[in-house]
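Hi everyone, thanks for coming. Let's have the sequence and the structure up on the screen, and then I'll walk you through a few spots I picked out.

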Amino acid sequence: MRVSRLRLLGIVTAATALLSMRAVTAHHSTAEFDYTKQITIKGTVKEVQWTNPHSFVQLLVDDTAGSKVEWSVEIGSPSLNINLGWRKNSVKAGDEVTMLLSPARNGKPYGTLRVLTFADGRQLEGVAARVKALPAPPASGQ
């Protein structure tokens with residue numbers, strides 16, 4: 001069966017549109033983070049995931065009971081990180097670091113990095129360092 005050029009063009013266009021929509025919807029916003037809050041955590045780097053579209057640092061942090069809590073901290077895409085002075089090996093497993101971050105709204109040990117500080121005082125900025133801290137929303141009923 002012969003497919004007309006016009007019909008083939010229509011099929012290719014529809015397939016391209018569907019694939020493009022999938023790529024667009026796969027990315028999320030940063031609404032999951034509470035930019036009205038900034039917290040500081042200190043711990044030992046467990047792992048660095050230098051991946052697209054977002055890189056992460058897994059940080060082991062002592063909680064108030066002395067147990068280790070693993071935080072997942074988003075640090076931005078590799079290309080953005082490089083523009084901020086990062087390199088793939090800037091942070092390594094075993095590094096002792098302090099992180100200033102905006103936490104996840106859901107209260108889980110997850111956040112987006114503002115500033116990472118090494119034990120010797122060197123610092124690296126995360127993409128959230130460029131996001132102005134927002135004012136807290138008004139209490140309900142105001």
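How many aromatic pairs does the count come to? The answer is 3, and please keep in mind that this is a predicted model. One of them is Phe 33 with Tyr 35, an edge-to-face pair with 6.5 Å centre to centre and 75° between the planes. Phe 33 counts as buried because its relative accessibility is 1%, and Tyr 35 counts as buried at 8%.

Phe 33 also pairs with Tyr 110, and here the arrangement is tilted: 5.2 Å centre to centre, with 45° between the planes. That pair links distant parts of the chain, 77 residues apart: Phe 33 sits in the loop between α1 and β1, Tyr 110 in strand β5. Tyr 110 has a relative accessible area of 18%, so Tyr 110 is buried too. Put together, Phe 33, Tyr 35, Phe 56 and Tyr 110 make one aromatic cluster.

Next stop, Asp 95, in the loop between α2 and β4. Asp 95 is buried but has no salt bridge; Lys 92, the nearest side chain of opposite charge, is 4.5 Å away. The Asp 95 side chain does reach the backbone nitrogen of Lys 92, at 2.8 Å.

Last one: Ser 77, in the loop between β3 and α2. With 10% relative accessibility, Ser 77 counts as buried. Its contacts include Asn 52, Pro 53 and His 54. Thanks, happy to chat!

Methods
Residues are numbered from 1 along each chain as its sequence is written. This is a predicted model: local features need pLDDT of at least 70, side-chain atom pairs count only at pLDDT 80 or more; totals for chains, interfaces and linings use all residues. Side-chain values use heavy atoms; hydrogens and water are left out. Helices (H or I, at least four residues) and strands (E, at least two) are DSSP runs, numbered from the N terminus. Buried means under 20% relative accessible area, exposed over 50%, partly exposed in between (1.4 Å probe, protein chains only). Contact means heavy atoms within 4.5 Å. Lys and Arg count as positive and Asp and Glu as negative; His and the chain ends are not counted. A salt bridge is a side-chain nitrogen of Lys or Arg within 4 Å of a carboxyl oxygen of Asp or Glu. A polar contact is a pair of N or O atoms within 3.5 Å; within protein, one must be able to donate a hydrogen and the other to accept it, and residues adjacent in sequence count only if both atoms are side-chain atoms. Rings of Phe, Tyr and Trp (its six-membered ring) pair if their centres lie within 6.5 Å; planes under 30 degrees apart count as stacked, over 60 as edge-to-face and the rest as tilted. Lists of a residue's contacts leave out its neighbours within four places in sequence.
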